[in-house]
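Let's take a walk through this structure together. Have the sequence and the 3D view open as you read.

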Amino acid sequence: MASPHRRYTTLILDLGDVLFSWSPKTNTAVAPRLLKEILSSVTWFDYERGRISQGECYERVSAEFNVDAAAVAEAFQQARESLRPNEEFLGLIRELRQQCHGQLTVLALSNISLPDYEYIMALSSDWASVFDRVFPSALLGERKPHLGAYRRVISEANIDPHTAVFVDDKLDNVVSARSLGMHGIVFDSQANVFRNLRNIFGDPIQRGRDYLKRHAGRLETSTDAGVVFEENFTQLIIYELTNDKSLITTSNCPRTWNFFRGKPLFSESFPDDMDTTSVALTVLRPDRALVNSILDEMLEYVDADGIMQTYFDHSRPRMDPFVCVNVLSLFFENGRGHDLPKTLDWVYEVLLHRAYVGGSRYYMSPDCFLFFMSRLVQRINDQAVLNRIRPLFVERLQERVGAAGDAMDLAFRILAASTVGIQCPRDLEKLLAVQCDDGGWEMCWFYQYGSTGVKAGNRGLATALAVKAIETAIARPPSPAPSAASSSKLEVPRSIVRPLSPRRLGEFLMPWRRSQKESLAIAS
(Lines give C-alpha, C1' and ligand atoms only; values in the text may rest on other atoms or scores of the structure.)
Protein backbone atom coordinates (compact mmCIF):
# COMPACT_ATOMS: atom_id res chain seq x y z
CA MET A 1 0.00 0.00 0.00
CA ALA A 2 1.19 3.50 -0.79
CA SER A 3 2.50 5.46 2.14
CA PRO A 4 0.32 8.46 2.97
CA HIS A 5 3.48 10.55 3.34
CA ARG A 6 4.67 9.79 -0.20
CA ARG A 7 2.59 11.47 -2.86
CA TYR A 8 2.11 9.38 -5.97
CA THR A 9 1.80 11.50 -9.08
CA THR A 10 2.21 9.04 -11.96
CA LEU A 11 0.12 6.07 -13.08
CA ILE A 12 1.63 3.67 -15.64
CA LEU A 13 -0.71 1.13 -17.22
CA ASP A 14 -0.37 -1.90 -19.44
CA LEU A 15 -2.77 -1.99 -22.39
CA GLY A 16 -3.51 -5.60 -23.35
CA ASP A 17 -5.54 -7.51 -20.73
CA VAL A 18 -5.67 -4.36 -18.59
CA LEU A 19 -7.08 -1.47 -20.58
CA PHE A 20 -8.07 -3.65 -23.53
CA SER A 21 -9.76 -7.05 -23.62
CA TRP A 22 -9.39 -9.45 -26.50
CA SER A 23 -10.17 -13.06 -27.47
CA PRO A 24 -7.70 -15.76 -28.61
CA LYS A 25 -10.57 -17.69 -30.17
CA THR A 26 -10.59 -17.42 -33.97
CA ASN A 27 -12.23 -19.12 -36.92
CA THR A 28 -8.90 -20.53 -38.11
CA ALA A 29 -6.70 -23.58 -37.64
CA VAL A 30 -4.78 -21.69 -34.95
CA ALA A 31 -6.25 -22.85 -31.64
CA PRO A 32 -6.32 -20.41 -28.67
CA ARG A 33 -3.61 -22.38 -26.87
CA LEU A 34 -1.33 -22.30 -29.90
CA LEU A 35 -1.94 -18.60 -30.41
CA LYS A 36 -0.86 -17.93 -26.82
CA GLU A 37 2.25 -20.08 -27.31
CA ILE A 38 3.12 -17.96 -30.33
CA LEU A 39 2.72 -14.81 -28.23
CA SER A 40 5.32 -16.20 -25.79
CA SER A 41 7.88 -17.10 -28.47
CA VAL A 42 11.22 -15.38 -29.08
CA THR A 43 10.08 -14.56 -32.60
CA TRP A 44 7.07 -12.69 -31.29
CA PHE A 45 9.23 -10.86 -28.77
CA ASP A 46 11.45 -9.64 -31.64
CA TYR A 47 8.30 -8.57 -33.49
CA GLU A 48 7.08 -6.58 -30.47
CA ARG A 49 10.52 -4.93 -30.21
CA GLY A 50 10.19 -3.75 -33.80
CA ARG A 51 13.17 -5.83 -34.96
CA ILE A 52 11.29 -7.76 -37.65
CA SER A 53 8.34 -6.97 -39.88
CA GLN A 54 4.90 -8.49 -39.59
CA GLY A 55 5.45 -10.63 -42.68
CA GLU A 56 8.78 -11.95 -41.44
CA CYS A 57 7.24 -12.70 -38.05
CA TYR A 58 4.41 -14.74 -39.55
CA GLU A 59 6.80 -16.69 -41.78
CA ARG A 60 9.07 -17.55 -38.84
CA VAL A 61 6.11 -18.51 -36.68
CA SER A 62 4.78 -20.72 -39.47
CA ALA A 63 8.06 -22.63 -39.60
CA GLU A 64 8.54 -22.83 -35.82
CA PHE A 65 5.01 -24.03 -35.02
CA ASN A 66 4.30 -25.99 -38.25
CA VAL A 67 1.22 -23.97 -39.14
CA ASP A 68 0.26 -22.23 -42.37
CA ALA A 69 1.46 -18.62 -42.51
CA ALA A 70 -1.83 -17.46 -44.00
CA ALA A 71 -3.70 -19.06 -41.10
CA VAL A 72 -1.39 -17.28 -38.68
CA ALA A 73 -2.02 -13.96 -40.37
CA GLU A 74 -5.79 -14.49 -40.35
CA ALA A 75 -5.80 -15.63 -36.70
CA PHE A 76 -3.97 -12.54 -35.53
CA GLN A 77 -6.12 -10.29 -37.68
CA GLN A 78 -9.23 -11.71 -35.98
CA ALA A 79 -7.61 -11.41 -32.55
CA ARG A 80 -6.72 -7.81 -33.33
CA GLU A 81 -10.30 -7.07 -34.35
CA SER A 82 -11.54 -8.49 -31.04
CA LEU A 83 -9.71 -5.77 -29.08
CA ARG A 84 -12.13 -3.72 -27.00
CA PRO A 85 -11.24 -0.84 -24.67
CA ASN A 86 -12.26 -1.25 -21.03
CA GLU A 87 -14.67 1.66 -20.67
CA GLU A 88 -15.00 1.16 -16.91
CA PHE A 89 -11.25 1.48 -16.48
CA LEU A 90 -11.20 4.55 -18.70
CA GLY A 91 -13.91 6.04 -16.51
CA LEU A 92 -11.84 5.34 -13.42
CA ILE A 93 -8.80 7.07 -14.90
CA ARG A 94 -10.90 10.15 -15.64
CA GLU A 95 -12.25 10.01 -12.08
CA LEU A 96 -8.72 9.83 -10.63
CA ARG A 97 -7.53 12.69 -12.82
CA GLN A 98 -10.37 14.85 -11.57
CA GLN A 99 -9.69 13.96 -7.93
CA CYS A 100 -5.99 14.77 -8.37
CA HIS A 101 -6.81 18.24 -9.76
CA GLY A 102 -4.53 17.92 -12.76
CA GLN A 103 -1.59 16.61 -10.76
CA LEU A 104 -1.78 13.03 -12.08
CA THR A 105 0.32 11.95 -15.07
CA VAL A 106 -1.03 8.85 -16.84
CA LEU A 107 1.27 6.80 -19.07
CA ALA A 108 1.00 3.51 -20.92
CA LEU A 109 3.80 0.98 -21.36
CA SER A 110 2.76 -1.91 -23.57
CA ASN A 111 4.38 -4.88 -25.29
CA ILE A 112 2.75 -4.34 -28.65
CA SER A 113 3.77 -4.62 -32.32
CA LEU A 114 3.67 -1.60 -34.57
CA PRO A 115 0.69 -2.84 -36.67
CA ASP A 116 -1.31 -3.58 -33.49
CA TYR A 117 -0.38 -0.19 -32.06
CA GLU A 118 -1.49 1.57 -35.24
CA TYR A 119 -4.73 -0.43 -35.18
CA ILE A 120 -5.74 0.58 -31.64
CA MET A 121 -4.78 4.18 -32.34
CA ALA A 122 -7.23 4.20 -35.24
CA LEU A 123 -10.14 2.89 -33.16
CA SER A 124 -13.16 5.16 -32.86
CA SER A 125 -12.90 5.05 -29.05
CA ASP A 126 -11.34 8.04 -27.34
CA TRP A 127 -9.33 5.74 -25.03
CA ALA A 128 -6.09 7.53 -25.89
CA SER A 129 -7.36 10.84 -24.49
CA VAL A 130 -6.84 9.65 -20.91
CA PHE A 131 -3.09 9.28 -21.44
CA ASP A 132 -0.39 11.88 -21.40
CA ARG A 133 1.95 9.57 -23.25
CA VAL A 134 2.02 6.01 -24.58
CA PHE A 135 5.15 3.90 -24.89
CA PRO A 136 4.71 0.95 -27.31
CA SER A 137 7.52 -1.61 -27.23
CA ALA A 138 7.76 -1.58 -31.04
CA LEU A 139 8.94 2.05 -30.92
CA LEU A 140 10.93 1.69 -27.72
CA GLY A 141 12.95 -1.17 -29.16
CA GLU A 142 12.58 -2.97 -25.84
CA ARG A 143 9.82 -4.80 -24.03
CA LYS A 144 8.75 -5.69 -20.52
CA PRO A 145 9.95 -7.20 -18.22
CA HIS A 146 13.41 -6.04 -19.35
CA LEU A 147 14.55 -3.15 -17.20
CA GLY A 148 15.60 -1.10 -20.20
CA ALA A 149 11.97 -0.54 -21.17
CA TYR A 150 11.14 0.91 -17.75
CA ARG A 151 14.29 3.02 -17.62
CA ARG A 152 13.47 4.47 -21.01
CA VAL A 153 10.02 5.49 -19.77
CA ILE A 154 11.48 7.00 -16.60
CA SER A 155 13.99 8.98 -18.64
CA GLU A 156 11.71 10.02 -21.49
CA ALA A 157 8.82 11.05 -19.22
CA ASN A 158 11.15 12.58 -16.62
CA ILE A 159 9.42 10.91 -13.68
CA ASP A 160 10.55 9.75 -10.27
CA PRO A 161 9.84 5.99 -10.10
CA HIS A 162 9.20 6.28 -6.36
CA THR A 163 6.15 8.42 -7.08
CA ALA A 164 4.83 6.08 -9.79
CA VAL A 165 2.23 3.30 -9.63
CA PHE A 166 2.53 0.53 -12.22
CA VAL A 167 -0.33 -1.82 -13.19
CA ASP A 168 0.15 -4.94 -15.32
CA ASP A 169 -1.51 -8.34 -15.60
CA LYS A 170 1.84 -10.19 -15.56
CA LEU A 171 3.71 -10.61 -12.28
CA ASP A 172 7.12 -10.62 -14.00
CA ASN A 173 6.43 -7.16 -15.38
CA VAL A 174 5.26 -5.89 -11.99
CA VAL A 175 8.34 -7.29 -10.22
CA SER A 176 10.62 -5.40 -12.62
CA ALA A 177 8.71 -2.18 -11.93
CA ARG A 178 8.96 -2.73 -8.19
CA SER A 179 12.71 -3.35 -8.46
CA LEU A 180 13.09 0.19 -9.78
CA GLY A 181 11.11 1.68 -6.91
CA MET A 182 7.64 1.82 -8.39
CA HIS A 183 4.54 0.73 -6.50
CA GLY A 184 3.46 -2.33 -8.46
CA ILE A 185 -0.07 -3.73 -8.72
CA VAL A 186 -0.89 -7.03 -10.40
CA PHE A 187 -4.12 -6.85 -12.38
CA ASP A 188 -5.65 -9.94 -10.76
CA SER A 189 -9.21 -8.65 -10.78
CA GLN A 190 -10.74 -5.38 -11.83
CA ALA A 191 -12.45 -4.87 -8.47
CA ASN A 192 -9.17 -5.23 -6.55
CA VAL A 193 -7.28 -2.93 -8.90
CA PHE A 194 -9.99 -0.26 -8.82
CA ARG A 195 -10.02 -0.38 -5.04
CA ASN A 196 -6.23 -0.12 -4.86
CA LEU A 197 -6.06 2.80 -7.26
CA ARG A 198 -8.82 4.72 -5.51
CA ASN A 199 -7.07 4.15 -2.19
CA ILE A 200 -3.71 5.32 -3.57
CA PHE A 201 -4.79 8.36 -5.57
CA GLY A 202 -8.04 9.29 -3.84
CA ASP A 203 -8.43 11.28 -0.63
CA PRO A 204 -9.22 8.66 2.04
CA ILE A 205 -10.45 11.22 4.56
CA GLN A 206 -12.87 12.94 2.20
CA ARG A 207 -14.11 9.63 0.83
CA GLY A 208 -14.72 8.39 4.37
CA ARG A 209 -16.55 11.56 5.34
CA ASP A 210 -18.68 11.33 2.21
CA TYR A 211 -19.65 7.78 3.19
CA LEU A 212 -20.71 8.94 6.65
CA LYS A 213 -22.71 11.84 5.21
CA ARG A 214 -24.51 9.59 2.74
CA HIS A 215 -25.58 7.32 5.60
CA ALA A 216 -26.25 10.04 8.19
CA GLY A 217 -28.90 8.97 10.68
CA ARG A 218 -28.73 5.38 9.41
CA LEU A 219 -25.44 4.21 10.91
CA GLU A 220 -27.00 1.34 12.80
CA THR A 221 -25.37 -1.69 14.40
CA SER A 222 -25.67 -5.30 13.20
CA THR A 223 -25.09 -8.64 14.87
CA ASP A 224 -23.04 -11.46 13.40
CA ALA A 225 -26.39 -13.02 12.44
CA GLY A 226 -27.28 -9.95 10.36
CA VAL A 227 -29.85 -8.52 12.80
CA VAL A 228 -29.88 -4.71 12.67
CA PHE A 229 -30.81 -3.00 15.91
CA GLU A 230 -30.81 0.45 17.51
CA GLU A 231 -28.42 1.33 20.32
CA ASN A 232 -26.89 4.43 21.89
CA PHE A 233 -23.34 3.45 22.75
CA THR A 234 -21.87 3.25 19.24
CA GLN A 235 -23.72 6.40 18.21
CA LEU A 236 -22.05 8.33 21.03
CA ILE A 237 -18.58 7.10 20.05
CA ILE A 238 -19.23 8.13 16.43
CA TYR A 239 -20.22 11.59 17.66
CA GLU A 240 -17.07 11.88 19.76
CA LEU A 241 -14.95 10.97 16.74
CA THR A 242 -16.70 13.24 14.22
CA ASN A 243 -18.23 16.03 16.30
CA ASP A 244 -21.18 15.81 13.91
CA LYS A 245 -24.58 15.21 15.53
CA SER A 246 -26.28 14.96 12.15
CA LEU A 247 -24.68 11.55 11.70
CA ILE A 248 -26.20 9.91 14.76
CA THR A 249 -29.49 9.08 16.43
CA THR A 250 -29.71 8.72 20.22
CA SER A 251 -32.37 8.39 22.87
CA ASN A 252 -33.48 11.31 24.97
CA CYS A 253 -32.07 10.23 28.34
CA PRO A 254 -32.53 12.90 31.01
CA ARG A 255 -30.26 11.18 33.53
CA THR A 256 -28.67 7.73 33.20
CA TRP A 257 -28.38 6.05 29.83
CA ASN A 258 -29.49 2.72 28.42
CA PHE A 259 -27.45 0.84 25.88
CA PHE A 260 -30.48 0.20 23.65
CA ARG A 261 -32.56 2.86 21.94
CA GLY A 262 -35.41 0.56 21.09
CA LYS A 263 -36.46 -2.85 22.29
CA PRO A 264 -33.56 -4.87 23.79
CA LEU A 265 -32.34 -7.78 21.72
CA PHE A 266 -32.61 -10.62 24.19
CA SER A 267 -35.12 -9.53 26.83
CA GLU A 268 -38.17 -7.41 27.40
CA SER A 269 -36.29 -4.92 29.55
CA PHE A 270 -32.67 -3.95 30.09
CA PRO A 271 -31.19 -1.80 32.89
CA ASP A 272 -29.26 1.40 32.28
CA ASP A 273 -25.53 0.79 32.30
CA MET A 274 -22.35 2.52 33.46
CA ASP A 275 -20.59 2.20 30.11
CA THR A 276 -23.16 4.04 27.98
CA THR A 277 -23.83 6.56 30.75
CA SER A 278 -20.11 7.32 31.18
CA VAL A 279 -19.51 7.83 27.47
CA ALA A 280 -22.69 9.92 27.10
CA LEU A 281 -21.84 12.25 29.97
CA THR A 282 -18.22 12.53 28.80
CA VAL A 283 -19.16 13.30 25.20
CA LEU A 284 -22.31 15.40 25.67
CA ARG A 285 -21.17 17.25 28.82
CA PRO A 286 -24.52 18.14 30.39
CA ASP A 287 -25.00 20.39 33.42
CA ARG A 288 -22.20 19.84 35.98
CA ALA A 289 -24.61 19.57 38.90
CA LEU A 290 -26.55 16.85 37.09
CA VAL A 291 -23.35 14.99 36.30
CA ASN A 292 -22.20 15.09 39.92
CA SER A 293 -25.51 13.74 41.12
CA ILE A 294 -25.21 10.87 38.65
CA LEU A 295 -21.65 10.19 39.83
CA ASP A 296 -22.96 9.97 43.38
CA GLU A 297 -25.55 7.46 42.23
CA MET A 298 -22.93 5.42 40.34
CA LEU A 299 -20.86 5.09 43.53
CA GLU A 300 -23.72 3.08 45.01
CA TYR A 301 -22.78 0.29 42.57
CA VAL A 302 -19.21 -0.27 43.72
CA ASP A 303 -18.73 -3.83 44.98
CA ALA A 304 -16.98 -5.00 48.17
CA ASP A 305 -13.61 -4.90 46.38
CA GLY A 306 -14.13 -1.29 45.38
CA ILE A 307 -14.74 -2.16 41.70
CA MET A 308 -17.42 -0.32 39.75
CA GLN A 309 -20.09 -2.68 38.42
CA THR A 310 -21.54 -2.53 34.91
CA TYR A 311 -25.27 -1.96 35.50
CA PHE A 312 -27.51 0.26 37.59
CA ASP A 313 -28.98 -2.97 38.92
CA HIS A 314 -27.83 -4.72 42.08
CA SER A 315 -29.41 -7.96 40.87
CA ARG A 316 -27.07 -8.02 37.86
CA PRO A 317 -23.53 -7.96 39.32
CA ARG A 318 -21.02 -7.70 36.45
CA MET A 319 -17.55 -6.19 36.21
CA ASP A 320 -15.54 -5.47 33.10
CA PRO A 321 -12.18 -3.65 32.93
CA PHE A 322 -13.08 -1.96 29.62
CA VAL A 323 -16.21 -0.52 31.22
CA CYS A 324 -14.24 0.55 34.28
CA VAL A 325 -11.84 2.55 32.10
CA ASN A 326 -14.74 4.51 30.60
CA VAL A 327 -16.20 5.09 34.08
CA LEU A 328 -12.83 6.38 35.31
CA SER A 329 -12.65 8.75 32.33
CA LEU A 330 -15.94 10.30 33.42
CA PHE A 331 -14.88 10.60 37.05
CA PHE A 332 -11.49 12.12 36.24
CA GLU A 333 -13.01 14.57 33.75
CA ASN A 334 -15.18 15.86 36.56
CA GLY A 335 -12.33 16.03 39.08
CA ARG A 336 -13.49 13.00 41.04
CA GLY A 337 -11.04 10.28 40.08
CA HIS A 338 -10.14 9.93 43.76
CA ASP A 339 -13.61 8.48 44.39
CA LEU A 340 -12.65 5.20 42.71
CA PRO A 341 -9.14 4.29 43.94
CA LYS A 342 -9.71 0.52 43.92
CA THR A 343 -11.21 0.59 40.44
CA LEU A 344 -8.17 2.54 39.26
CA ASP A 345 -5.85 0.03 40.94
CA TRP A 346 -7.63 -2.81 39.18
CA VAL A 347 -7.38 -1.14 35.78
CA TYR A 348 -3.66 -0.61 36.43
CA GLU A 349 -3.25 -4.33 37.24
CA VAL A 350 -5.13 -5.27 34.08
CA LEU A 351 -2.76 -3.06 32.09
CA LEU A 352 0.31 -4.31 33.94
CA HIS A 353 -0.44 -8.00 33.47
CA ARG A 354 -1.92 -7.59 29.97
CA ALA A 355 -5.21 -9.08 31.14
CA TYR A 356 -6.97 -7.15 28.35
CA VAL A 357 -5.20 -9.04 25.54
CA GLY A 358 -7.78 -11.82 25.43
CA GLY A 359 -10.69 -9.40 25.59
CA SER A 360 -13.34 -9.27 28.29
CA ARG A 361 -16.95 -10.23 28.88
CA TYR A 362 -18.19 -7.46 26.60
CA TYR A 363 -15.21 -6.48 24.42
CA MET A 364 -12.86 -8.51 22.23
CA SER A 365 -10.08 -6.19 21.07
CA PRO A 366 -6.96 -5.34 23.08
CA ASP A 367 -6.61 -2.24 20.89
CA CYS A 368 -10.08 -1.15 21.98
CA PHE A 369 -8.91 -1.33 25.59
CA LEU A 370 -5.88 0.82 24.79
CA PHE A 371 -8.09 3.30 22.94
CA PHE A 372 -10.34 3.58 26.00
CA MET A 373 -7.18 3.95 28.11
CA SER A 374 -6.03 6.82 25.88
CA ARG A 375 -9.30 8.62 26.64
CA LEU A 376 -8.63 8.10 30.33
CA VAL A 377 -4.99 9.20 30.22
CA GLN A 378 -6.00 12.45 28.52
CA ARG A 379 -8.47 13.17 31.34
CA ILE A 380 -6.30 12.35 34.35
CA ASN A 381 -5.70 15.63 36.17
CA ASP A 382 -3.66 14.19 39.04
CA GLN A 383 0.05 14.26 38.21
CA ALA A 384 0.90 11.46 40.61
CA VAL A 385 -1.69 9.19 39.00
CA LEU A 386 -0.53 10.20 35.53
CA ASN A 387 3.09 9.45 36.43
CA ARG A 388 2.00 5.99 37.50
CA ILE A 389 -0.23 5.14 34.53
CA ARG A 390 1.33 6.83 31.52
CA PRO A 391 4.73 5.05 31.30
CA LEU A 392 3.08 1.63 31.46
CA PHE A 393 0.44 2.72 28.96
CA VAL A 394 3.18 3.83 26.53
CA GLU A 395 4.97 0.52 26.95
CA ARG A 396 1.84 -1.48 26.21
CA LEU A 397 1.10 0.62 23.14
CA GLN A 398 4.58 0.06 21.78
CA GLU A 399 3.98 -3.68 22.09
CA ARG A 400 0.93 -3.45 19.85
CA VAL A 401 2.48 -1.45 17.00
CA GLY A 402 2.48 -3.61 13.88
CA ALA A 403 0.34 -6.36 15.42
CA ALA A 404 -2.34 -8.12 13.38
CA GLY A 405 -5.84 -6.70 13.46
CA ASP A 406 -8.84 -5.61 11.45
CA ALA A 407 -9.54 -2.03 10.39
CA MET A 408 -11.08 -1.13 13.73
CA ASP A 409 -8.12 -2.56 15.66
CA LEU A 410 -5.72 -0.58 13.49
CA ALA A 411 -7.67 2.64 13.95
CA PHE A 412 -7.99 2.14 17.72
CA ARG A 413 -4.23 1.56 17.89
CA ILE A 414 -3.27 4.55 15.76
CA LEU A 415 -5.53 6.89 17.71
CA ALA A 416 -4.33 5.63 21.10
CA ALA A 417 -0.68 5.82 20.04
CA SER A 418 -1.06 9.35 18.70
CA THR A 419 -2.01 10.65 22.16
CA VAL A 420 1.48 9.79 23.46
CA GLY A 421 3.49 10.61 20.33
CA ILE A 422 3.89 7.08 18.97
CA GLN A 423 3.64 6.67 15.20
CA CYS A 424 2.32 3.52 13.52
CA PRO A 425 3.23 3.86 9.82
CA ARG A 426 2.74 0.19 8.95
CA ASP A 427 -0.60 0.08 10.70
CA LEU A 428 -1.62 3.21 8.85
CA GLU A 429 -0.67 1.67 5.51
CA LYS A 430 -2.77 -1.39 6.31
CA LEU A 431 -5.71 0.78 7.30
CA LEU A 432 -5.53 2.82 4.10
CA ALA A 433 -5.34 -0.35 2.02
CA VAL A 434 -8.66 -1.74 3.23
CA GLN A 435 -10.85 1.26 2.47
CA CYS A 436 -13.80 0.10 0.38
CA ASP A 437 -14.88 1.42 -3.01
CA ASP A 438 -17.79 3.28 -1.42
CA GLY A 439 -15.38 5.20 0.84
CA GLY A 440 -16.26 3.37 4.04
CA TRP A 441 -14.54 0.56 5.89
CA GLU A 442 -15.94 -2.91 6.40
CA MET A 443 -17.87 -3.66 9.56
CA CYS A 444 -15.71 -5.05 12.38
CA TRP A 445 -16.90 -6.62 15.63
CA PHE A 446 -16.90 -3.96 18.34
CA TYR A 447 -18.40 -5.83 21.28
CA GLN A 448 -20.25 -8.99 22.25
CA TYR A 449 -23.13 -9.87 24.52
CA GLY A 450 -21.88 -11.56 27.64
CA SER A 451 -24.81 -13.95 28.03
CA THR A 452 -25.02 -15.12 24.41
CA GLY A 453 -21.66 -14.38 22.80
CA VAL A 454 -23.43 -12.66 19.91
CA LYS A 455 -21.04 -10.20 18.25
CA ALA A 456 -22.02 -6.76 17.01
CA GLY A 457 -20.40 -4.18 14.75
CA ASN A 458 -21.09 -0.97 12.88
CA ARG A 459 -19.68 0.22 9.55
CA GLY A 460 -20.27 3.80 10.58
CA LEU A 461 -18.08 3.35 13.64
CA ALA A 462 -15.35 1.55 11.66
CA THR A 463 -15.38 4.39 9.13
CA ALA A 464 -15.44 7.18 11.72
CA LEU A 465 -12.52 5.55 13.55
CA ALA A 466 -10.54 5.08 10.34
CA VAL A 467 -11.10 8.66 9.17
CA LYS A 468 -10.08 10.06 12.54
CA ALA A 469 -7.02 7.80 12.71
CA ILE A 470 -5.84 8.76 9.22
CA GLU A 471 -6.52 12.42 9.84
CA THR A 472 -4.57 12.28 13.10
CA ALA A 473 -1.66 10.32 11.65
CA ILE A 474 -1.24 12.41 8.51
CA ALA A 475 -1.34 15.59 10.55
CA ARG A 476 1.90 14.41 12.20
CA PRO A 477 5.21 14.65 10.31
CA PRO A 478 6.45 11.39 8.78
CA SER A 479 8.96 9.25 10.64
CA PRO A 480 12.61 9.79 9.62
CA ALA A 481 13.86 7.53 6.87
CA PRO A 482 15.80 4.51 8.20
CA SER A 483 18.84 5.34 6.12
CA ALA A 484 20.27 8.03 3.91
CA ALA A 485 20.11 5.63 0.97
CA SER A 486 16.42 5.00 1.34
CA SER A 487 15.57 8.64 1.93
CA SER A 488 17.47 9.72 -1.16
CA LYS A 489 15.21 7.51 -3.28
CA LEU A 490 12.22 9.60 -2.34
CA GLU A 491 13.69 12.83 -3.65
CA VAL A 492 11.85 14.06 -6.69
CA PRO A 493 14.19 14.98 -9.57
CA ARG A 494 14.71 18.65 -10.13
CA SER A 495 12.81 20.27 -12.98
CA ILE A 496 10.03 17.73 -13.45
CA VAL A 497 7.61 19.21 -15.97
CA ARG A 498 4.07 17.84 -15.66
CA PRO A 499 2.21 17.66 -18.98
CA LEU A 500 -1.15 19.08 -19.72
CA SER A 501 -3.90 16.68 -20.67
CA PRO A 502 -3.33 15.49 -24.26
CA ARG A 503 -5.30 16.97 -27.10
CA ARG A 504 -4.44 14.14 -29.47
CA LEU A 505 -2.11 11.18 -29.57
CA GLY A 506 -0.51 9.03 -32.20
CA GLU A 507 2.85 10.62 -32.87
CA PHE A 508 6.10 8.81 -32.04
CA LEU A 509 5.95 7.82 -28.38
CA MET A 510 3.06 10.25 -28.04
CA PRO A 511 5.21 13.22 -26.98
CA TRP A 512 3.96 15.83 -24.56
CA ARG A 513 1.59 18.38 -25.92
CA ARG A 514 3.09 21.81 -26.23
CA SER A 515 3.11 23.69 -22.96
CA GLN A 516 0.83 26.67 -22.55
CA LYS A 517 3.83 28.99 -22.78
CA GLU A 518 4.86 27.58 -26.16
CA SER A 519 1.28 27.74 -27.43
CA LEU A 520 0.98 31.36 -26.40
CA ALA A 521 4.26 32.17 -28.10
CA ILE A 522 3.07 30.59 -31.34
CA ALA A 523 -0.28 32.35 -31.12
CA SER A 524 1.40 35.70 -30.67
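What follows is a tour of a few strands and the helices that link them.

This is a predicted model, where local features need pLDDT of at least 70, side-chain atom pairs count only at pLDDT 80 or more, and totals for chains, interfaces and linings use all residues. Residues are numbered from 1 along each chain as its sequence is written, and side-chain values use heavy atoms, with hydrogens and water left out.

Let's start with strand β6, residues 164-168. (Helices, H or I with at least four residues, and strands, E with at least two, are DSSP runs numbered from the N terminus.) Because 5 of its 5 residues are buried, β6 is largely enclosed by the rest of the structure; buried means under 20% relative accessible area with a 1.4 Å probe, protein chains only. In a regular strand, side chains alternate between the two faces of the sheet. Here Ala164, Phe166 and Asp168 sit on one side and Val165 and Val167 on the other, all of them buried.

Now look at who β6 pairs with (two strands pair if DSSP finds at least two bridges between them). Strand β1, residues 10-13, runs parallel to β6 and is joined to it by 4 bridges; Leu13 has Val167 as its bridge partner in β6. Another 4 bridges join β6 to the parallel strand β7, residues 183-186, where Asp168 is partnered by Val186. Together, β6, helix α9 (residues 171-179) and β7 form a right-handed β-α-β unit: with the strands pointing away from the viewer, the path from the first strand over the helix to the second runs clockwise.

Terms used. Buried < 20%, exposed > 50% of the residue type's maximum accessible area, 1.4 Å probe, protein only.
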